[in-house]
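Please keep the viewer open while reading.

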Amino acid sequence: MSSSWGLATVTKVEEIKTETLSGLLVYHRYEDVGYSTQAIFLDDGTILDSRFDERRSRSGMPLEYVYCTGKSIDWGKYGSEDITPQKNIVNAFVINFAMFQREGRGLYFYSDTKGSGKTMIACAVANEILKAHDISVKFISVTDYIELVKAKDDASRGNVKAILEAGLLILDDVGAQVENKDWITTALFRLIDRRYTNHYPTIFTSNVRMEDLKTDSRISDRIYSVSVPVIMPEVNVRRQIADRHTREFIKNIMQE
């Protein structure tokens, strides 16, 4: 059973911008019935600071990286290395994220050197995307994901579901040594396959090249087919930052 109310005439439009809402409040009148309805709110798609902060805080990103953005990436720390290809891929992923979404494609940050900035850049990229896209972002390491699956309590199951279905996932330290058990392989395959099948982009970080991943071929093949490689310079950026902070700390205490 259906009814027709005829054409409505817009009588007033108000712009609404608060900490939690951004859009238009539209008042209209149906001539057939001779009265105005309640106003309709039309969201303009703006990612509000409150929503951005909430999603960032619930992402699971490490505290040291949760506030990183594109401005946090200091490409100059790689010295004489030509990092133009890496910069171009990272920028393209942020600017053209909708295209990556349609293809279900993500990035695979690799370097053999620990502390080369892979995880920090991955988090900075995710935060830039959160500013422009109304999606959920989750971060978890492979070993922590295995522990989460193993837990089996209601909260853990809820967290696993959120990771499986996140609009963008950062899966950190892929290729890290884990126990070679069937249930672990099954859990990782379920994660990778769910995201592969549903075109959910994933950012991987690893100290192992994609083609050298020692895991079930179904997992490595899916990662390979949907990941754009970002091969980072073999430079320990983390140690550079630590050395600078140590120098600044010593300088400050010497002045007191």
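**Contacts of Thr-205**

Leaving aside residues up to four places away in sequence, Thr-205 touches Phe-109, Lys-118, Thr-119, Ala-122, Leu-171, Asp-172, Asp-173 and Val-174. Contact here means heavy atoms within 4.5 Å. This is a predicted model: local features need pLDDT of at least 70, side-chain atom pairs count only at pLDDT 80 or more, and totals for chains, interfaces and linings use all residues. Residues are numbered from 1 along each chain as its sequence is written, and side-chain values use heavy atoms, with hydrogens and water left out.

**Thr-205 in its strand**

- Thr-205 belongs to strand S8. Strands (E, at least two residues) and helices (H or I, at least four) are DSSP runs, numbered from the N terminus.
- Thr-205 has a relative accessible area of 2%, so it is buried. Buried means under 20% relative accessible area, exposed over 50%, and partly exposed in between (1.4 Å probe, protein chains only).
- The side chains of Thr-205 and Asp-172 are joined by a polar contact of 2.4 Å. A polar contact is a pair of N or O atoms within 3.5 Å; within protein, one must be able to donate a hydrogen and the other to accept it, and residues adjacent in sequence count only if both atoms are side-chain atoms.

- Five of the five residues of S8 are buried.
- Both faces of S8 are covered. Thr-202, Phe-204 and Ser-206 are buried on one side, Ile-203 and Thr-205 on the other.
- S5 and S8 run parallel, joined by four bridges. Two strands pair if DSSP finds at least two bridges between them.
- In this pairing, Tyr-108 stands opposite Phe-204. Tyr-110 has Ser-206 as its bridge partner in S8.
- Strand S7 (residues 168-174) also runs parallel to S8, with four bridges. Here Val-174 has Ser-206 as its bridge partner.
- From S7 the chain crosses through helix H7 (residues 182-197) to S8, and this β-α-β crossover is right-handed. That means the path from the first strand over the helix to the second runs clockwise, with the strands pointing away from the viewer.

**Strand S5**

- S5 is largely enclosed by the rest of the structure, because five of its five residues are buried.
- Five bridges join S5 to strand S9 (residues 227-231), and the two run parallel.
- The bridge partner of Tyr-110 in S9 is Ile-231.

**Aromatic pairs**

- Rings of Phe, Tyr and Trp (its six-membered ring) pair if their centres lie within 6.5 Å; planes under 30 degrees apart count as stacked, over 60 as edge-to-face and the rest as tilted. By this rule there are four aromatic pairs.
- Phe-93 and Phe-100 form an edge-to-face pair, 4.8 Å centre to centre, with 75 degrees between the planes. Phe-93 is buried at 0% relative accessibility. Phe-100 is buried at 14%.
- Tyr-108 and Phe-204 form a tilted pair, 6.1 Å centre to centre, with 40 degrees between the planes. Tyr-108 lies in S5 (residues 106-110) and Phe-204 in S8 (residues 202-206), so the pair ties together parts that are 96 residues apart in sequence. Both Tyr-108 and Phe-204 are buried.
- One aromatic cluster is formed by Phe-93, Phe-97 and Phe-100.

**Charges over rings**

- The charged end of Arg-218 sits over the Phe-189 ring, 4.0 Å from its centre. A charge sits over a ring if NZ of Lys or CZ of Arg is within 6 Å of the ring centre and within 35 degrees of the ring normal.
- The charged end of Arg-222 sits over the Tyr-196 ring, 5.3 Å from its centre.
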